[in-house]
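Subject: Handing over the structure

Dear colleague,

My notes on what was found come after it.

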Amino acid sequence: MRVRGLRLVIAVPDLAVSAAFYRDVLGFEIRDIADPGWRFYVHGDACIMAGECPDAPALATIGDHSWVAYLDVDDVDAYHARAVAAGIEILKSLRDEPWGQREFGLCTVDGHRLMLGQAISR
């Protein structure tokens with residue numbers, strides 16, 4: 001037995017706002033599907049399935065439980081610069097960690113917390 005992939009399912013208050021963030025800041029392709037309450041955000045092998053839930057409790061109320069993903073990227077410095085330029089809240093500053101990753105954390109427009117990191121060449 002083995003896991004063959006991973007997709008995330010997230011609830012968002014407004015699909016249009018969420019999709020714009022994932023497209024414009026993180027470079028995801030936005031795919032509409034047959035259900036108008038859902039969109040898929042796709043980038044490489046990553047797929048985030050976003051469902052519109054305008055009446056769900058705000059993610060700020062669940063604190064650390066709003067950390068949802070760690071994205072392995074090929075140029076973490078470029079992603080960081082793009083997030084900063086877009087005025088996105090940075091939760092963890094960009095830095096090299098002793099476990100061999102250069103990484104930073106951000107908060108999406110929906111309140112989800114994401115880590116983005118790149119393996120450090122040694």
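How many positive and how many negative side chains does the protein chain have, and how far apart do the centres of the two sets lie? There are 12 positive and 18 negative side chains, and the two centres lie 6 Å apart. Please keep in mind while reading that this is a predicted model.

Let me begin with the overall fold. The protein chain contains two helices together with eight strands, and when one reads from the N terminus the elements follow the order β-α-β-β-β-β-α-β-β-β. Along its principal axes the C-alpha trace spans about 45 × 35 × 25 Å. A compact globule of 122 residues would have a radius of gyration near 14 Å, and the protein chain, with 15 Å, agrees with that. Of the 122 residues, 39% are buried, while the accessible surface comes to about 7400 Å², with 53% of that surface belonging to carbon and sulfur atoms.

Leu 26 sits in the loop between helix 1 (15-24) and strand 2 (29-32). Is Leu 26 buried or exposed? Its relative accessible area is 1%, so Leu 26 is buried, since the cut-off for that word is under 20%. Beyond its neighbours within four places in sequence, Leu 26 is in contact with Phe 21, His 43, Leu 71, Tyr 79, Leu 106, Leu 114 and Leu 116. The C-alpha atoms of Leu 26 and His 80 are separated by 9.6 Å, although these residues are 54 residues apart along the chain. For Tyr 41, again leaving aside neighbours within four places in sequence, the contacts include Leu 15, Ser 18, Ala 19, Tyr 22, Phe 28 and Ile 30, as well as Ala 46, Cys 47, Ile 48 and Ala 50.

Not counting residues up to four places away in sequence, Arg 39 touches several others, among them Leu 15, Ala 16, Ala 19, Arg 31, Asp 32 and Met 49. Arg 39 and Ala 86 are 47 residues apart in sequence, and their C-alpha atoms are 22 Å apart in space.

Val 84 has its place in helix 2 and is likewise partly exposed, at 44% relative accessibility. Its C-alpha atom is separated by 28 Å from that of Ala 56, which is 28 residues apart from Val 84 along the chain.

Gly 100, finally, lies in the loop between strand 6 (90-96) and strand 7, and it counts as buried, with a relative accessibility of 14%. The C-alpha atoms of Gly 100 and His 43, 57 residues apart along the chain, are separated by 23 Å.

With kind regards

Conventions: Residues are numbered from 1 along each chain as its sequence is written. This is a predicted model: local features need pLDDT of at least 70, side-chain atom pairs count only at pLDDT 80 or more; totals for chains, interfaces and linings use all residues. Side-chain values use heavy atoms; hydrogens and water are left out. Helices (H or I, at least four residues) and strands (E, at least two) are DSSP runs, numbered from the N terminus. The radius of gyration is taken over C-alpha atoms; the globule rule is 2.2 Å times the number of residues to the power 0.38. Buried means under 20% relative accessible area, exposed over 50%, partly exposed in between (1.4 Å probe, protein chains only). Accessible areas come from the Shrake-Rupley method with a 1.4 Å probe; for residues, only the protein chains shown count as cover. Lys and Arg count as positive and Asp and Glu as negative; His and the chain ends are not counted. The place of a charge is taken as NZ of Lys, CZ of Arg, CG of Asp or CD of Glu. Contact means heavy atoms within 4.5 Å.
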